[in-house]
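Visitor: I would like to learn how to read a ligand site and a helix. Where do we start?

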Amino acid sequence: MSDLAVFREQTRAWLEENCPTSMRTSSPENEVVWGGRKQTWINPESKLWLDRMAERGWTVPRWPTEYGGGGLTLDEDKILTEEMRHINARLPLQSFGIWMLGPALLEFASQEQKLHYLPEIARGEIRWCQGYSEPEYGSDLAGLQTKAEDMGDYYLVNGAKIWTSYADEADWIFCLVRTDSKAPKHEGISFVLFNMDDPAVTTSPIQLISGASPFCQTFFDNVKVPKTQLVGELNNGWTIAKRLLQHERQMISGIGGNTALGGSGTQLEDIAKQYVGEERGRIADPAVRNAITEHRLNDRAFQLTMARSGEEAKAGKAVGNLASIFKFYGTEQNKRKYERMLEMMGTQAMGWTGDTFSDREISTTRQWLRSKANSIEGGTSEVQLNVIAKRVLGLPD
Ligand SMILES: Cc1cc2nc3c(=O)[nH]c(=O)nc-3n(C[C@H](O)[C@H](O)[C@H](O)COP(=O)(O)OP(=O)(O)OC[C@H]3O[C@@H](n4cnc5c(N)ncnc54)[C@H](O)[C@@H]3O)c2cc1C
């Protein structure tokens with residue numbers, strides 16, 4: 001038997017023995033594990049599953065074992081994913097630490113920082129939030145004004161961030177700060193990490209049009225950040241910031257099989273059958289049939305392209321700026337899906353507490369409203385098109 005066949009057999013046996021039965025179903029929203037000090041365990045088996053997977057390093061299968069990872073090769077990682085899908089196992093942990101910060105730390109942090117932060121991320125002990133956008137600086141991120149002054153052995157951080165997802169639930173923040181206000185704007189930025197559990201940090205929730213409040217405005221009023229929490233070189237934070245954005249855009253587009261887009265897994269044809277009706281085994285309305293076929297074809301082409309790029313990335317060829325293509329297309333496609341859902345459901349979808357589908361807990365109307373933010377978060381569609389034009393196609397300014 002080849003080494004990989006042995007690995008598959010052992011993985012299957014381990015999952016069979018260690019994945020609790022209730023973890024072999026898709027996760028209701030209130031059971032999704034984001035980790036961190038404020039995590040509550042509605043289903044205690046979620047904790048058991050996380051601990052068992054983390055113990056093996058399988059919350060981050062490809063990270064080196066010294067940082068809490070599984071040290072798996074590309075092929076082993078693929079087998080693990082296949083075997084987990086085979087039993088419909090949930091992801092034990094979803095986390096900005098895994099998807100965004102961790103890969104940036106692996107590339108840019110010192111050995112001490114990696115040994116300190118990465119195992120905590122792998123075990124889901126610390127939940128992270130992202131302090132990038134500011135009230136006047138979203139698309140023009142490099143103009144950010146939150147200031148960090150050198151005070152000897154620490155930086156004194158003052159300013160405000162906005163749209164900080166889950167700032168009120170996060171333990172730590174990775175944050176862009178201005179450390180040289182005289183330098184050209186991209187050259188005076190640094191990347192720092194600090195604890196949100198500090199009285200000098202306060203958050204104020206902002207409500208989305210869908211009714212949820214997943215993000216906050218975040219204020220820093222004389223926060224002391226030890227210099228050991230600077231990642232990379234002083235004033236070189238923009239390089240790290242850009243790389244992390246590529247990881248974020250991959251996350252949002254869904255490369256790697258995560259569920260960050262939050263799109264409904266419900267198929268459009270099931271909705272059509274229920275709301276538009278069937279005629280001789282087909283969806284009754286030919287226009288709806290056409291629209292669904294078009295959507296499914298585009299979806300399929302997108303999934304295949306992402307899968308190819310994901311394989312290349314795992315094999316060591318970084319996705320880089322291609323992430324902007326996936327972020328752009330994936331989020332626009334997700335928005336179109338919700339438009340179609342509403343069209344088909346008609347008046348029955350119209351309402352705050354109207355009909356919904358099994359994998360989501362809020363009405364389709366509210367999900368449709370939430371999907372509008374997909375093409376804003378992580379950089380707007382217009383900004384992705386700019387990146388594609390400049391950095392992928394090499395078009396002149
Ligand atoms: C749900 C959600 C979660 C978020 N989470 C976080 C988070 O955790 N952390 C964080 O730091 N930020 C977060 N953000 C902020 C997000 O990154 C910004 O909203 C986004 O980058 C756009 O910035 P802005 O809102 O300031 O819009 P603006 O930059 O003011 O843009 C306004 C409009 O102008 C267009 N525009 C601007 N510049 C250009 C240009 N050069 N060319 C063409 N068009 C342009 C934009 O596309 C947009 O349509 C989140 C946003 C949302 C909606």
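This is a predicted model: local features need pLDDT of at least 70, side-chain atom pairs count only at pLDDT 80 or more; totals for chains, interfaces and linings use all residues.

Visitor: How many residues surround the ligand, and which are the closest?

Guide: The count is 18. Ser-133, Ser-139, Trp-163, Thr-380 and Glu-382 are the closest.

Visitor: What is the make-up of the shell by class?

Guide: Sort the residues into classes, then count. Here 10 are polar, five are nonpolar and three are charged.

Visitor: Which polar atoms lie by the ligand's oxygen and nitrogen atoms?

Guide: Look for N or O pairs within 3.5 Å. The side chain of Thr-380 has an N or O atom 2.7 Å from a ligand oxygen. Ser-165 places a polar side-chain atom 2.8 Å from a ligand nitrogen. With Tyr-132 the backbone takes part: one of its polar atoms is 3.0 Å from an oxygen of the ligand.

Visitor: How much of the ligand does the protein bury?

Guide: Compare with the ligand taken alone. On its own the ligand exposes 980 Å², and the protein buries 66% of that.

Visitor: Is H6 enclosed or open to the outside?

Guide: Count residues under 20% relative accessible area. In H6, 14 of the 17 residues are buried, so the helix is largely enclosed by the rest of the structure.

Conventions: Residues are numbered from 1 along each chain as its sequence is written. Side-chain values use heavy atoms; hydrogens and water are left out. A residue is near a molecule or strand if one of its heavy atoms lies within 4 Å of it. A polar contact is a pair of N or O atoms within 3.5 Å; within protein, one must be able to donate a hydrogen and the other to accept it, and residues adjacent in sequence count only if both atoms are side-chain atoms. Accessible areas come from the Shrake-Rupley method with a 1.4 Å probe; for residues, only the protein chains shown count as cover. Ala, Val, Leu, Ile, Met, Phe, Trp, Tyr, Cys and Pro count as nonpolar, Asp, Glu, Lys and Arg as charged, and the others, Gly among them, as polar. Buried means under 20% relative accessible area, exposed over 50%, partly exposed in between (1.4 Å probe, protein chains only). Helices (H or I, at least four residues) and strands (E, at least two) are DSSP runs, numbered from the N terminus.
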